[in-house]
Amino acid sequence: MNLTVNVEQNKARAFVKLTGEIDVYTAPNLKEKLLPLTKIQNQVIEVDFSGVSYMDSTGLGVFVSALKSTKENSSSMRLVHLDERIYRVFRITGLIEIMDVHRAIKGGEE
Amino acid sequence: MGGFDFIEMKIPAKAEYVGVVRLTLSGIAGRMGFSYEDIEDLKIAVSEAITNSVTHAYEGPGKGEITIGFGVYESRLEVMVADRGESFNLNEIRDDIGPFNNTESVEDLREGGFGLFLINTLMDKVQINNKYGVIVLMTKYLDETEVDFNDNQVSGR
């Protein structure tokens, strides 16, 4: 019921690896680590969801804020390796229309 | 027939306990025979209702209690989330609840009103009563197609 947020950064890219559950308890920590990355000009952020077992609207709220910030700061964000159920939450809320979201494909990369 | 088992939990209105309710819910729904997909839907919907209580019910997080009731029926699960922290009578509350009207604008939804939207989308029936605090009553039916009718059932082969 916790979330580990592991950030690795080089010059132009940031890799954010998430492990655990994103809910009302863990979302503030995620926001605190993700938002500063989006404020770096031209930063390319990749968020790896392969270790995420649960996410609800509190998580969506964080990614909506991050998306808005990328637009203001010319950075970009890509969400990858989403489990089918978590991808579904982005789909039914219509967020896949405005976000760069990629689900995990069985047996390999997307 | 018509009877049900009732399980009640009371948690402090704090964010760290929402995951604890999800674990209990998984146990109950799994016991009832809900599919993995349906259990995931239930976990999100119930978490949304509790999150709403944690963040709005008591003028800032960490005050008061939230009561969660699980009505276990043969063909459905009813989950009630009440943010007054008082015990409730399932039948009494059900008579006192109206249909859920989503009057939110699209703008509100985009700004983070996804919670109620998800509850409404992922559950089969949602009712909200806000006369005393907020009570959300959510129902999910066990998948009818998994029921084995032995009469008049046309076999696929």
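Q: Which residue does Asp48(A) stand opposite in E4(A)?

A: Two strands pair if DSSP finds at least two bridges between them. Here Asp48(A) stands opposite Val80(A). In chain A, strand E3 (residues 44-55) and strand E4 (residues 76-82) are parallel partners, with 5 bridges. Helices (H or I, at least four residues) and strands (E, at least two) are DSSP runs, numbered from the N terminus. This is a predicted model: local features need pLDDT of at least 70, side-chain atom pairs count only at pLDDT 80 or more, and totals for chains, interfaces and linings use all residues. Residues are numbered from 1 along each chain as its sequence is written, while chains are lettered from A and ligands numbered from 1 in the order in which they are written.

Q: Which helix packs on the sheet, touching E1, E2, E3 and E4 of chain A?

A: Contact means C-beta atoms, placed from the backbone, within 7 Å. Axes are lines fitted to C-alpha atoms, for helices over the stretch in contact, and angles run from 0 to 180 degrees between N-to-C directions. The helix is H1 (residues 27-38) of chain A, at about 15 degrees to E1(A). Helix H2 (residues 57-73) of chain A touches E2, E3 and E4, at about 145 degrees to E4(A).

Q: In what order do the 5 strands of chain A form the open sheet?

A: The order is E1-E2-E3-E4-E5, with mixed pairing. Strands E1 (3-9) and E5 (100-103) of chain A have a single partner each, so one side of each lacks a neighbour in the sheet.

Q: What does Val81(B) touch?

A: Leaving out residues up to four places away in sequence, its contacts include Val46(B), Ile66(B) and Val136(B).

Key
Two residues are in contact if their C-beta atoms, placed from the backbone, lie within 7 Å.
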